[in-house]
Amino acid sequence: AVVSTQSTGKQKGSLEGLLEHVYYYTVVQWKDALKISVPAILYVIQNNLQYVAISNLEAAVFQVTYQLKIMTTAIFSVFLLRKELIRTQWLALVLLFAGVALVQLSQTSETKTTNNVEQSPILGLVAVLLSCCSS
């Protein structure tokens, strides 16, 4: 169902044609807009969580910790999709988790000040974990 701008007399590329097009696909075809909005909203949340994480963690720590998305994807695949992992894959996930844990343990202080900006490693870790679960 495509909106014809010729039947309404509006020129293609006009502001009125754009507004009619937006109205049609967001109000008249609201079910399609709702289907698209769910992943879009998740994407916005994920990006904001990543921004919070990078603001509260050092860049290297953020990069290493964000690799937990591999582990969350594997765990969701096992539980939701009933995918089976072989022993070496489980071992790789354990090693990944151990590496991330070691990097996080190196963040000794509760709150750090870097370049006159306070950072909270706990808040950064929580933001990364939530971001990994949403990806």
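In the predicted model, Leu 93 is found in helix α6, where helices (DSSP runs of H or I with at least four residues) and strands (runs of E with at least two) are numbered from the N terminus. At 9% relative accessibility, Leu 93 counts as buried, a term that stands for a relative accessible area under 20%, whereas exposed means over 50% and partly exposed lies in between, with a 1.4 Å probe and protein chains only. When its neighbours within four places in sequence are left aside, Leu 93 is in contact with Ile 70, Met 71, Ala 74 and Leu 85, contact being defined as heavy atoms within 4.5 Å.

Apart from neighbours within four places in sequence, Val 78 is in contact with Lys 83, Leu 85 and Trp 90. The loop between α5 (68-80) and α6 contains Arg 82, which is exposed, with a relative accessible area of 68%. The backbone of Arg 82 has a positive phi of about 60°, although this residue is not a glycine.

Two packed helices are described by the angle between their axes and the distance between the axes. Helix α4 (residues 59-66) packs with helix α6 (residues 87-105) at an angle of about 155°, and their axes are 9 Å apart; axes here are lines fitted to C-alpha atoms, for helices over the stretch in contact, and angles run from 0 to 180 degrees between N-to-C directions. The angle makes α4 roughly antiparallel to α6, since angles over 145 degrees count as roughly antiparallel, under 35 as roughly parallel, 65 to 115 as roughly perpendicular and the rest as oblique. The crossing of α4 and α6 is left-handed, meaning that the near helix is turned anticlockwise from the far one by less than a right angle. At this packing, Val 61, Val 64 and Thr 65 in α4 meet Val 100, Val 103 and Gln 104 in α6.

Helix α3 holds Gln 46, which counts as buried at 12% relative accessibility. Residues up to four places away in sequence not being counted, Gln 46 touches Tyr 66, Ser 131, Ser 134 and Ser 135. Helix α3 (residues 30-56) also contains Lys 35 and Asp 32, which lie three residues apart, about one turn of the helix. Side chains of opposite charge can pair when their charged atoms come close. Lys 35 forms a salt bridge with Asp 32, the closest N and O atoms being 4.0 Å apart, where a salt bridge is a side-chain nitrogen of Lys or Arg within 4 Å of a carboxyl oxygen of Asp or Glu. Lys 35 counts as exposed at 60% relative accessibility, while Asp 32 is partly exposed at 39%. The structure holds one salt bridge.

Over the whole chain, the secondary structure comes to seven helices and two strands, which follow the pattern α-α-α-α-α-α-β-β-α along the sequence. Buried residues make up 23% of the 135 residues. Of the contacts with a separation of 6 or more, 60% are between residues 24 or more positions apart.

Residues are numbered from 1 along each chain as its sequence is written, and side-chain values use heavy atoms, with hydrogens and water left out. As the model is predicted, local features need pLDDT of at least 70 and side-chain atom pairs count only at pLDDT 80 or more, whereas totals for chains, interfaces and linings use all residues.
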